[in-house]
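Colleague: Please take a close look at a single part of this model, and tell me how one of its elements is set against its surroundings.

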Amino acid sequence: MTIADSIWLATALLHREHLQVPDFSVQEIIQRSLEVRHEGYRPGVPVFTSKHCVANKPPNPLRHRMLVETTRGRRRLFRTGDAFHPDRQNGKIRPDKKDLPIAYQPLIDWYETDYSRRTTYSQTRLPGDERLGAPFSRPQAGVAFIGPAGSIVIPDEIRKDIGIEEGARLTIRRDQNRIVLEPFSEDHIGRLRGSCKDSESLVDLREREHQDERY
């Protein structure tokens, strides 16, 4: 079994054993990987868990998309719709069933028919979050990537919840050190009406520009 396959297997087993836990620490995954390999420690396991298998990190050099970094030091299995680095477009997502021990091969079916198709929202885990119990109520969070010509890839789960479809227009503005994106709709335009009422109107400004051009 390759290191990457053992890391995917370890993470899948952790998800199956702790159904209410959305993600796991890098150390938990490494420890579970050592248990399923039965071959002792291998130096490459930590770097595969922290970098090589992580979809939302730049490839260096491997392009696997087996895991997702939910927050610093924590990982979960990659699923359909997760954002990933553009250079990992064709990266490996899961092991081939034949490459796993027979006892673990049903995990591939579980992943394809259940886990990968779940429509849950992404969460940013912060210190103090409970490991078990009710679902988190924190705001949605995800990782977006900048593509060619400055295009932005928004996580699929967030787009579906907000109702953003291909070709939709978004307003973009800077708020100090943040970039804020909002759907461009009639409701959004209505919220903006009157926000600049103390300044010169666009009509007056355009008329003054025409007058200036005459002289």
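Modeller: What follows is about helix 4, and then about a strand that helps to cover it. This is a predicted model, in which local features need pLDDT of at least 70 and side-chain atom pairs count only at pLDDT 80 or more, whereas totals for chains, interfaces and linings use all residues. Residues are numbered from 1 along each chain as its sequence is written, and side-chain values use heavy atoms, with hydrogens and water left out.

Helix 4 spans residues 106-113, and its buried residues are Leu 107, Ile 108, Trp 110 and Tyr 111 (buried being under 20% relative accessible area, exposed over 50%, and partly exposed in between, with a 1.4 Å probe and protein chains only; helices are DSSP runs of H or I with at least four residues, strands runs of E with at least two, numbered from the N terminus). These four lie on the same side of helix 4, because they cover an arc of only 160° around the axis, taken from the directions from the helix axis to the C-beta atoms. On the face turned away from that buried side, helix 4 carries the exposed residues Pro 106 and Thr 113.

The cover over the buried residues of helix 4 includes helix 1 (3-17) and strand 3 (74-77), where contact means heavy atoms within 4.5 Å. Strand 3 in turn pairs with strand 2 (residues 67-71) in the antiparallel sense, over 4 bridges (pairing requires at least two bridges found by DSSP). Within this arrangement Leu 67 stands opposite Leu 77 of strand 3. The hairpin of strand 2 and strand 3 has 2 residues between the strands, and there Gly 73 takes a positive phi near 85°.
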